[in-house]
Amino acid sequence: MSLPAEQNWLVLFNLISDLTKKGYDIPNGINPEMGLIRSSISSYKRDPSHPDLINGLAKAEMSLSNVQGTMLTIAEQEGEEYVDFWLDLFKKAMMGEEIFEFPDSRSKFLVNAPPGLTTGRINLKVPLAEERVQEIAEWCGLIIEFDDDVTVSLHGDKPDLQNGLKEMGSFFLEE
């Protein structure tokens, strides 16, 4: 289920992206603010009954309105028709219509990670031979788990994990 604030955020995100593609300078604080707003909305969705999260959502909606005002001011340089298009999308979003969908997140939490060890996960562009990763993992003293063909979880002491990731760095470039 999508909240009006979430849809409003998506419309605003798409407006910012469009203005950026058109060559407009976006004020420095906008992107971090959008990240904080998104986090507040996501937190609220996890527990809509928690008073702190309800207050967080209200603050996020106020921030969203401020960013929206700033971006619409920039959008005015594109003309009245352009602004009207985006205002129409904002109105639909506030009425609960689903305008945009969030892309599926590839992020997953690691469950049952070994205690006392540092854990990392790498996502490769293309599948690679398990033997290559296992060889580096053994050499660096790491425990590895293949989640799928392109996702590998690594567990070990922090310096060993860092060395292993450096050794696997070339895998990220392969296509």
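Reader: Which residues gather in a patch of negative charge on the surface?
Author: In this predicted model, the patch brings together Glu130, Glu131, Asp148 and Asp149.

Reader: Where does Glu130 lie?
Author: Glu130 is part of helix 5, which covers residues 130–140.

Reader: And where is Asp148 found?
Author: Asp148 sits in a loop, with strand 2 (143–146) on one side and strand 3 (151–156) on the other.

Reader: How does Glu130 count in terms of accessibility?
Author: Glu130 has 39% relative accessibility, so it counts as partly exposed. Asp148, at 34%, also counts as partly exposed.

Reader: What separation is there between the C-alpha atoms of Asp148 and Asn123?
Author: Those C-alpha atoms are 9.6 Å apart, while Asp148 and Asn123 are 25 residues apart along the chain.

Reader: OK, new topic. How many salt bridges are there?
Author: The count comes to four salt bridges.

Reader: Which residue forms a salt bridge with Lys45?
Author: That's Glu6, and the closest N and O atoms of the pair are 3.0 Å apart. Lys45 belongs to helix 2 (residues 30–46) and Glu6 to helix 1 (residues 4–21), so the bridge ties together parts 39 residues apart in sequence.

Reader: Is Glu6 buried or exposed?
Author: Glu6 is buried, because its relative accessible area is 3% and buried means under 20%. Lys45 has 37% relative accessibility, so Lys45 counts as partly exposed.

Reader: Which residues are linked with Glu6 in a network of salt bridges?
Author: Arg38 and Lys45 are linked with Glu6 in that network.

Reader: What about Glu78, which residue does Glu78 form a salt bridge with?
Author: Glu78 pairs with Lys22, with 3.7 Å between the closest N and O atoms. This pair links distant parts of the chain, 56 residues apart: Glu78 is in the loop between helix 3 (51–75) and helix 4 (80–94), and Lys22 is in the loop between helix 1 and helix 2.

Reader: What do the side chains of Asp88 and Lys92 meet in?
Author: They meet in a salt bridge, 3.4 Å from N to O.

Reader: Why are Asp88 and Lys92 separated by about one helical turn?
Author: Because Asp88 and Lys92 are four residues apart in helix 4. Asp88 is partly exposed, with a relative accessible area of 36%, and Lys92 is partly exposed with 30%.

Definitions and conventions: Residues numbered from 1 in each chain as written. Predicted model: local features only at pLDDT ≥ 70, side-chain atom pairs only at ≥ 80, totals over all residues. Heavy atoms only, no water. Patch = residues over 30% accessible without salt bridge, like charges linked within 9 Å, V, L, I, M, F, W, Y side chains within 5 Å. Areas by Shrake-Rupley, 256 points an atom, 1.4 Å probe, with all protein chains shown as cover. Lys, Arg positive; Asp, Glu negative; His and termini not counted. Charge placed at Lys NZ, Arg CZ, Asp CG, Glu CD. Helix = DSSP H or I, 4+ residues; strand = E, 2+ residues; numbered from the N terminus. Buried < 20%, exposed > 50% of the residue type's maximum accessible area, 1.4 Å probe, protein only.
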